[in-house]
Amino acid sequence: MLFTPLERDFVDLVRQLAYSNPFDPDEQARIRQKLDSFDLGLQAEESKRPAVVSPPDEFTTIYSRRIEALLVELGKRVRCGQHDVSPTEVERYEDLVITVLHLRHFAAGRVVADVRQANQRISQYADYLRDLKEWTKVPLRLGWFLQRPEHSFAVYFQYQLAIQLIHTLIQGNSRPIARLKAATWHSIFPRELRLYGVLLYERMHEVTTLILGPSGTGKELVATAIGLARFVPFDPKRERFTEPLSGAFHPINLSALPRDLIESEMFGHVAGAFTGATKDREGWFEKCRLGHTVFLDELGEMDESVQVRLLRVLQNREFYRVGETEPRGFAGRVIAATNRDLSQLIADGRFREDLYFRLCSDIIRTPTLREQLDDSPEELPALVAHAAGRCLGDKAHGEFIERLTKETLACIEMSPAIGPSYNWPGNFRELEQCVRSVMVRGEYHPPTMASFAKKETLLPSPSVSTTALDQFLHAVRNGTLSLEELLTRYCSLIQSRTGNVAETTRRLKKHRLTVQGRIDPNWVEQFRQ
Ligand SMILES: Nc1ncnc2c1ncn2[C@@H]1O[C@H](COP(=O)(O)OP(=O)(O)OP(=O)(O)O)[C@@H](O)[C@H]1O
């Protein structure tokens, strides 16, 4: 036996942490806490190899020293030849080496600081290789993953790139956002991370991801993170990735393309296929090479004929250019998103059920801004600061961002039409517009729900508020309100007249909590004016 029982418990925890979802805060905290209290009693020798990347925190420093100390000790035991080493123990040894390499070379994220520059020489590979050789100089039959340093390097580079992309693109720390980040992670790395390194890394493009959520909740951001955090092989001789990491994400907004052009845009056409098709043309599915991603935004708007073609791509991984009879292979990955209710579209006969069943193996739901703020109201300043940073651009001084953040927060706090419980129907996109409006005009007037219902030009609320009741009656007369909206607005109207919840409850003859949950302060305010 190579490991003592105590060492085995320790290594099993190390493996749990190494293979867990880094965006699952509960799981991470649980394993870290157990590891924290673990003392193997081994003296960590001062490492002769300088840490290539400075560890991000004290836990990681101590943890990585303990693993190194254990590896040194295990190395001695293996070399003295007095221990039978089972295949499971070899796997344990490998996982320790992999973890230590990851901690030393990637953990602080230096490597992938800028995705756009990742086509340059990655000098860090030499250090990685040297360390890997050092730790694998043991008379054990180590597996394929460690025998191919360039491959393990590429996998851990991708791992760190995914962390960085998810972390920088998707803002927020509320529980709904933590769940979103964890779900995004699994669309890149399946639960079986060990299996990913040796096998699944070249199969993930066959997984189609469907992102569902209201408008402005970051569906495209999630798709971007998944698409860009792809596996790219590393060429050890040139010390470069075999292709640039950027440029692999092809978004197509299906509602922005004219109907008669969609098929040709997506699948290409041959000369003479239709009037105006003078030359052969490649579509997005053809441009999307192995490792690339086609992102189909507004999937709910897709025509039946295109749905049939897409079904074929997902089923057989092949497609036809318009006007061509020979199929072409599709090597990329498909991610689709919609803010529409697909089950309703299926019930209405506007979306194919068989297509839905080709899209449902990996579904991610993006939370509304309201859900995030209900979970963690204290998140608002950080989200506003992020939006302010985006509005002011890269060159903006921190001081300007801070000022715009403060002004926006004050506007949200003071405005009767917004306030802390505002619903943010446009979600993060509306928050960005609010910041922009404060930047330009020093104020923000949210659009009213009536204007959404009628899809009319959105008017700022002061000019609308005088007619809030008229608009409500108009919407009721035309039957444009959903039942939910109707109840919310009616309860808010009564509340604006009575001025207290007890009286509103008495009039509506419903339980107080039901009525309270229906009252929207924005509407109350508007009905009052
Ligand atoms: N969690 C988030 N963190 C940072 N920015 C966000 C987040 N969610 C949304 N945004 C920002 O909000 C805007 C809208 O996001 P995005 O286009 O991804 O939304 P969407 O759900 O795809 O919307 P639609 O359904 O209208 O296409 C973008 O500017 C995006 O950067």
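Biologist: How far apart are the C-alpha centres of domain 2 and domain 3?
Modeller: They lie 35 Å apart. The domain bounds come from an automatic or database domain assignment. This is a predicted model, in which local features need pLDDT of at least 70 and side-chain atom pairs count only at pLDDT 80 or more, while totals for chains, interfaces and linings use all residues. Residues are numbered from 1 along each chain as its sequence is written.

Biologist: Which domains does the assignment give?
Modeller: Domain 1 (5–172), domain 2 (234–367), domain 3 (368–446) and domain 4 (451–529).

Biologist: And what does UniProt say about residues 206–440?
Modeller: The unreviewed entry annotates that range as "domain: Sigma-54 factor interaction". UniProt positions are in the numbering used here, feature names are shortened, and annotations may be inferred rather than shown by experiment. In the model the span is 43% helix and 14% strand, with its end C-alpha atoms 46 Å apart. Helices (H or I, at least four residues) and strands (E, at least two) are DSSP runs, numbered from the N terminus.

Biologist: How many helices and strands in the protein chain?
Modeller: 26 helices and nine strands.

Biologist: Now the inside. Which residues touch the most other members of the largest nonpolar core?
Modeller: Leu 96, Ala 162, Ala 225, Ala 229, Phe 285 and Ala 336, out of 76 residues in that core. A nonpolar core is a set of buried Ala, Val, Leu, Ile, Met, Phe, Trp, Tyr and Cys residues joined through C-beta atoms within 7 Å. Buried is 20 or more other C-beta atoms within 10 Å of the residue's own, exposed is 12 or fewer, and partly exposed is in between, with C-beta atoms placed from the backbone. Helix H7 (residues 149–169) gives the most to this core, ten residues.

Biologist: Where does that core lie relative to the domains?
Modeller: Between domain 1 (5–172) and domain 2 (234–367), because both give residues to it. Apart from it there is another core, of 21 residues, including Ala 388 and Ile 412.

Biologist: What is Ala 225 in contact with?
Modeller: Leaving aside neighbours within four places in sequence, Ala 225 is in contact with Leu 165, Ile 166, Leu 169, Ile 170 and Thr 184. Contact is C-beta atoms, placed from the backbone, within 7 Å.

Biologist: Switching to the ligand. Which residues are closest?
Modeller: Gln 171, Gly 218, Lys 219, Glu 220 and Phe 428, among 19 residues that surround the ligand. The cut-off is a C-beta atom, placed from the backbone, within 6 Å. Helix H10 (219–228) and helix H19 (427–441) are the elements that give two or more residues to the shell.

Biologist: Which residues of helix H11 are buried?
Modeller: Ile 262, Glu 263, Ser 264, Met 266 and Phe 267, in a helix that covers residues 259–267. The buried residues pack against strand S4 (249–253), helix H12 (284–287), helix H13 (304–316) and strand S6 (318–319). Just after H11, Gly 268 takes a positive phi of about 80°.

Biologist: What about Glu 239, which is not a glycine?
Modeller: Glu 239 has a positive phi of about 50°. Glu 239 sits in the loop between strand S2 (234–235) and strand S3 (240–241).

Biologist: And is Lys 509 buried or exposed?
Modeller: Exposed, because Lys 509 has 7 C-beta neighbours inside 10 Å. Lys 509 is in the loop between helix H24 (501–508) and helix H25 (512–518), and has a positive phi of about 55°.

Methods:
Two residues are in contact if their C-beta atoms, placed from the backbone, lie within 7 Å.
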